Amino acid sequence: MAVGPPLVYADQAVSIVRKKDSTGFSRDVCAILLLANITRCFFWLGTRFEFALLIQSILMILAQLALLYICIRYRPRSSPDMFGASGRPFAFWHWPSYAQYIEFLAGFILISAIAYLIFGRSDVYISIIGFVALGMESMLPVPQFISNFKQKSLYGFRASTLIGWVGGDSFKTAYFFVQGSPLQFKVCALFQLSVDFIIVVQRLYYGNAPPQATLLEQEDLEQALALAE
């Protein structure tokens, strides 16, 4: 239960390193998992749910920090943050350097710690951060769904990761109901599982052929190499 979910992303990381290209995998997945699991650690301090789930959160944070580094190192040359161009406010999560992500996460942890010290004795506050943590995690497949829709392809998104999502979330949902976990876990798990199945439909409908932008980039590279010769 603790080790399985973080391992789902191992094959995705290996695939990106092998291709030296993170096209197709949404970096926002890393953002959601990092923020959700950091918040879940503070939720555990107030609720003390299963210890295995706390260990899972810590391992997931470490796994996503590694995957984020790989995604940034092998981001496509056409990525907006390569040129400092992003349509998001303050270029959120489209920053050019890994250090900026770490600085943001450190600030998020500091603010969360201060808020917990002030409001940690309130049951309402603990309930709220529980819904926030698990609500964010339940949104995990949404950025990937949007990325797939824009590309009209699941190119770069490993089938093993999708299988891991569906299998892991199915097991997780059943586990929460059997163990009588807090309501936040049950509601958010059901939502997350439903989006997983929507992405399965996308996989069947779109396939995983390279999107047009990737094909054009490869053609430009081939032409540049030909001219260099």
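**View 1. Confidence along the chain of this predicted model.** The mean pLDDT of the chain is 82, and 86% of its residues reach 70 or more. pLDDT is the predictor's confidence in each residue, from 0 to 100. Among the elements of the chain, H5 has the highest mean pLDDT, 95. Helix H10 (residues 212–228) has the lowest, 47. Helices are DSSP runs of H or I with at least four residues, and strands are runs of E with at least two; both are numbered from the N terminus. Because this is a predicted model, local features need pLDDT of at least 70 and side-chain atom pairs count only at pLDDT 80 or more, while totals for chains, interfaces and linings use all residues. Residues are numbered from 1 along each chain as its sequence is written, and side-chain values use heavy atoms, with hydrogens and water left out.

**View 2. The stretch of residues 220–229.** Here pLDDT stays under 50. The model has one contact beyond four places in sequence for these residues. Contact means heavy atoms within 4.5 Å. Where pLDDT is low, the predicted coordinates should not be read in detail.

**View 3. Helix H3 against helix H5.** H3 covers residues 28–47 and H5 covers residues 98–119. Their axes lie 11 Å apart, at an angle of about 20°. Axes are lines fitted to C-alpha atoms, for helices over the stretch in contact, and angles run from 0 to 180 degrees between N-to-C directions. H3 and H5 are therefore roughly parallel to each other. That label applies to angles under 35 degrees; over 145 is roughly antiparallel, 65 to 115 roughly perpendicular, and the rest oblique. On the H3 side, the contact residues include Leu 34, Ile 38 and Phe 42. On the H5 side, they include Phe 104, Phe 108 and Tyr 116. By class, this contact of H3 with H5 has eleven nonpolar, three polar and no charged residues. Ala, Val, Leu, Ile, Met, Phe, Trp, Tyr, Cys and Pro count as nonpolar; Asp, Glu, Lys and Arg as charged; the others, Gly among them, as polar.

**View 4. A salt bridge from Arg 40 to Glu 137.** The closest N and O atoms of this pair are 2.6 Å apart. A salt bridge is a side-chain nitrogen of Lys or Arg within 4 Å of a carboxyl oxygen of Asp or Glu. Arg 40 sits in helix H3 and Glu 137 in helix H6 (residues 123–138), 97 residues apart. The count comes to four salt bridges.

**View 5. Helix H7 against helix H9.** H7 (residues 141–151) and H9 (residues 183–206) pack at about 20°, their axes 10 Å apart.
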